[in-house]
Protein chains: 2
Amino acid sequence: MFAVTILGNNSAVPAFDRHPTSQVVTLDGANYLVDCGEGTQIQLIKYKIRRSRISHIFISHLHGDHYFGLVGLLNSLSLLGHSQELNVYGPAPLKEIIELQLKVADTALCYPLNIFAVTEPATLVDNDRVTIKCFRTNHRIECYGFSFTEKKQPRKLDPDKAKEYEIPSSFYDRLKDGENYTRKDGTVVANELVTVPSTPAKRYAFCADTKYDENLLPHIMDFDMIYHETTYLDNLRERAESRFHSTTRQAALIAKKAGVKKLLIGHFSSKYDTLEEFEAEAREVFADTELALEGVCYEV
Amino acid sequence: MFAVTILGNNSAVPAFDRHPTSQVVTLDGANYLVDCGEGTQIQLIKYKIRRSRISHIFISHLHGDHYFGLVGLLNSLSLLGHSQELNVYGPAPLKEIIELQLKVADTALCYPLNIFAVTEPATLVDNDRVTIKCFRTNHRIECYGFSFTEKKQPRKLDPDKAKEYEIPSSFYDRLKDGENYTRKDGTVVANELVTVPSTPAKRYAFCADTKYDENLLPHIMDFDMIYHETTYLDNLRERAESRFHSTTRQAALIAKKAGVKKLLIGHFSSKYDTLEEFEAEAREVFADTELALEGVCYEV
């Protein structure tokens, strides 16, 4: 499964039981944490997401509502006996902040921690399941979005078809590797006849905090799902502009121009006690919009 | 009212819906925040404690479960338009940590923030309502407790008595200031005849994280209430010793030897899902023990 679970959907100040930004991208059982606002470790417990499965953490920028929960989570993982390597990616000063806080507490983490400074658009992770890239967004301070591109999986064996073509089961592994089967009489059973395509590779992008900026488009073009912030409703477009944030219609317009299949919106200002209008306004421009609601898991 | 509201009663790792250490000491409408673990600003909202009334924050030590919520709270106060001066007291490196995090976020707080390095046992605050002192406790890193001594209030006017002695109401303010009233015939009405004593000045101490240490006693002798950590039940005395923490019986013994009136216990290890045994064990040594429960306000 390739999915995104929202842990926090509010902007700067917690309010109305909404928490600061954090979400978990789950892909084939691995958890990638994106942003880590204050209280994220408590949200992880609440929504039963296994902290021990987190191998990578991505911090978009160093406004507190996107990372004040990070050092607490790192600490807790150590106290809980985490042993796997953990890779953290964020703007350069993040390393100094974390190391200073560990030093004054006289804390040595019990697992290997690597903190990487993200600087330019780059590929951060490239393994057999996923490619994760970062791209600059347009915010008041250095800020990055992250894109997750699933690797295309090999075709899957169709056991009924394989039996129908009388292929011995000892050859199944080679079918899974893409080989054709050659009978004793020299006739060939093409691999495509006894395998089915796996689900197509999917793509998701977290667009972080940003003002409306079409420079994002090349990084998210034709994606299956994107998350784009909508701090304000569209009548506060000037305020959004001055604070390097986006409105509902601006996020929806980015989704439309990028030709994505689904838009998640979040990072709602604390001035709003309800969210219905966010959804309604965005859907006027881009129908396949959903509110990023805390605790909800959205399949890509 | 002189009271303590518990915002978090757990030790290092949040668990069982218990939060890391934080409590609010309320005295005559002013809120003094003691420790500020991650999520404190959310607990303040939950328990309807006015953040704007916080003028002083005391951080016992720089283990994360005692201060990781601080910079988020400072940030939020600014975003909420706080304008009053805020004084923060804690071990020296706290200033560097906070200033670094504000700098990388390009944040200028909209209120005056003073961060004081606590180093030796000292008087931190001395105003017309309270004296607040710090004292060293015995923990793995530099750590302080804080004592709150209410100032003795002047006697209160008893209007019925004042009328009975035929004192003109224009003289009432001077009675409140402690003056005697002299009649035209030269006879004197002693102030004590027409005023009543105010409630006696009370004392509360937060003893932070500490192993069992009788050096604390002079700082809390005969206090009305103290908070003392009990990270472990008494069968884990060795573990407590090695980690510079206390057990139930050890906290109770300190309370008993100090001759205090009431003991609050907290900072429970995440290994315990229920707290009844903590109360029972401590009460065997010191009867007037109460669990520090989140959201509960304990009058001093």
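## Overview

What share of the contacts in chain A with a separation of 6 or more comes from residues 24 or more positions apart? In this predicted model, such residues account for 64% of those contacts.

Chain A has 300 residues, and 45% of them count as buried. Its secondary structure comes to 10 helices and 18 strands. The C-alpha trace of chain A spans about 75 × 55 × 35 Å along its principal axes.

## How the two copies are related

Chain B can be superposed on chain A by a rotation of 180 degrees with a shift of 0.1 Å along the axis, and the RMSD is then 0.2 Å. The two copies are thus related as by a two-fold rotation axis. Within chain B, Gly39(B) has the C-alpha nearest the axis, at 2.7 Å from it.

## The interface

How many residues of chain B are in contact with chain A? There are 29 of them, and they are in contact with 29 residues of chain A. Three helices of chain B each supply at least two residues of the side that touches chain A: H1 (40-46), H2 (70-79) and H3 (93-104). The helix that gives the most is H3(B), with six residues. By residue type, the side of chain B that touches chain A divides into 16 nonpolar, nine polar and four charged residues.

The surface used by each copy can also be compared. Of the interface residues of chain B, 100% are also interface residues in chain A, so the copies meet through the same surface.

Two packed helices are described by the angle between their axes and the distance between the axes. For H3(A), residues 93-104, and H3(B), the angle is about 165 degrees and the axes are 11 Å apart. An angle over 145 degrees counts as roughly antiparallel, so H3(A) is roughly antiparallel to H3(B). The crossing in which H3(A) passes H3(B) is left-handed.

In H3(A), the residues that take part are Pro93(A), Glu96(A), Ile97(A), Leu100(A), Gln101(A) and Val104(A). They meet Pro93(B), Glu96(B), Ile97(B), Leu100(B), Gln101(B) and Val104(B) in H3(B). The residues of this contact divide into eight nonpolar, two polar and two charged.

## A helix pair within chain A

Which way do H9(A) and H10(A) lie to each other? The axes of H9(A), residues 248-258, and H10(A), residues 276-285, come within 8 Å and cross at roughly 40 degrees. The two helices are therefore oblique to each other. H9(A) passes H10(A) in a right-handed crossing.

On the H9(A) side, the contact is made by Thr248(A), Arg249(A), Ala251(A), Ala252(A), Leu253(A) and Lys256(A). The residues of the contact of H9(A) with H10(A) divide into six nonpolar, one polar and three charged.

Asn191(B) is placed in helix H6 of chain B, which covers residues 191-194. Leaving aside its neighbours within four places in sequence, Asn191(B) is in contact with Leu175(B), Gly178(B), Glu179(B) and Asn180(B). The C-alpha atom of Leu86(B), 105 residues away along the chain, is separated from that of Asn191(B) by 39 Å.

Lys202(B) is in a loop of chain B, between strand S13 (195-196) and strand S14 (203-206). Lys202(B) has 17 other C-beta atoms within 10 Å and is partly exposed. Not counting residues up to four places away in sequence, Lys202(B) touches Phe2(B), Glu150(B), Asp224(B) and Val300(B). Phe223(B) is 21 residues from Lys202(B) along the chain, and their C-alpha atoms are separated by 7.4 Å. From Asp17(B) to Tyr165(B), 148 residues apart in sequence, the distance is 59 Å, C-alpha to C-alpha.

How values were computed: Residues numbered from 1 in each chain as written. Chains lettered and ligands numbered in written order. Predicted model: local features only at pLDDT ≥ 70, side-chain atom pairs only at ≥ 80, totals over all residues. Helix = DSSP H or I, 4+ residues; strand = E, 2+ residues; numbered from the N terminus. Contact = placed C-beta atoms within 7 Å. Nonpolar A, V, L, I, M, F, W, Y, C, P; charged D, E, K, R; others polar. Axes fitted to C-alpha atoms, helices over the stretch in contact; angles between N-to-C directions. Parallel < 35°, antiparallel > 145°, perpendicular 65-115°, else oblique. Left-handed = near helix turned anticlockwise from the far one by under 90°. Least-squares fit on C-alpha atoms with pLDDT ≥ 70 in both. Buried ≥ 20, exposed ≤ 12 C-beta atoms within 10 Å, placed from the backbone.
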